[in-house]
Amino acid sequence: MPPKKDIIKRIETNEEFAPFLDENYSKLVVVDLYFNWAGPCDAMKEFYKNMATLVNGFTDRCDILQVKHGNIEFFNNYGYIIRIDFKTDILGHISGENSG
């Protein structure tokens with residue numbers, strides 16, 4: 001049996017990220033935008049690996065990317081704001097010009 005391909009792609013350049021911005025790109029794209037002080041989310045890595053196992057065709061329909069903050073121009077204006085909201089249990093959110 002061939003080795004299992006890692007479903008999480010580490011993206012380090014604008015050129016590597018460009019195809020995922022194409023409006024005709026057919027897959028759902030999930031981005032783990034991480035910062036130097038935190039690193040990529042290991043807990044979510046296990047979640048996505050489980051999804052790939054449990055959901056038929058998951059990797060054909062979804063791309064999971066890890067992007068370090070500051071490496072990709074698209075995310076340059078994003079920042080992480082930490083706050084605690086006891087009513088909605090929001091611990092933080094991403095803000096920036098492309099955050100929708």
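**Aromatic rings and burial**

User: Why is phenylalanine 17 called buried?

Analyst: Phenylalanine 17 has a relative accessible area of 4%. Buried means under 20%, exposed over 50%, and partly exposed in between, with a 1.4 Å probe and protein chains only. The value of 4% is therefore in the buried class. The model is predicted, so local features need pLDDT of at least 70 and side-chain atom pairs pLDDT 80 or more, whereas totals for chains, interfaces and linings use all residues. Residues are numbered from 1 along each chain as its sequence is written, and side-chain values use heavy atoms, without hydrogens and water.

User: How many aromatic pairs are there, and what makes the pair of phenylalanine 17 and phenylalanine 74 tilted?

Analyst: The count is 6 aromatic pairs. In this one, the ring centres are 5.9 Å apart and the planes at 45 degrees. Rings of Phe, Tyr and Trp (its six-membered ring) pair if their centres lie within 6.5 Å; planes under 30 degrees apart are stacked, over 60 edge-to-face, and the rest tilted. The pair is therefore tilted.

User: Why does phenylalanine 74 count as partly exposed?

Analyst: Its relative accessibility is 30%, so phenylalanine 74 belongs to the class in between. Phenylalanine 74 also pairs with phenylalanine 75, at 5.0 Å centre to centre and 85 degrees between the planes, which is edge-to-face.

User: How do you know whether phenylalanine 75 is buried or exposed?

Analyst: Phenylalanine 75 has a relative accessible area of 7%, so this residue is buried. One aromatic cluster is formed by Phe17, Phe20, Tyr25, Phe74 and Phe75.
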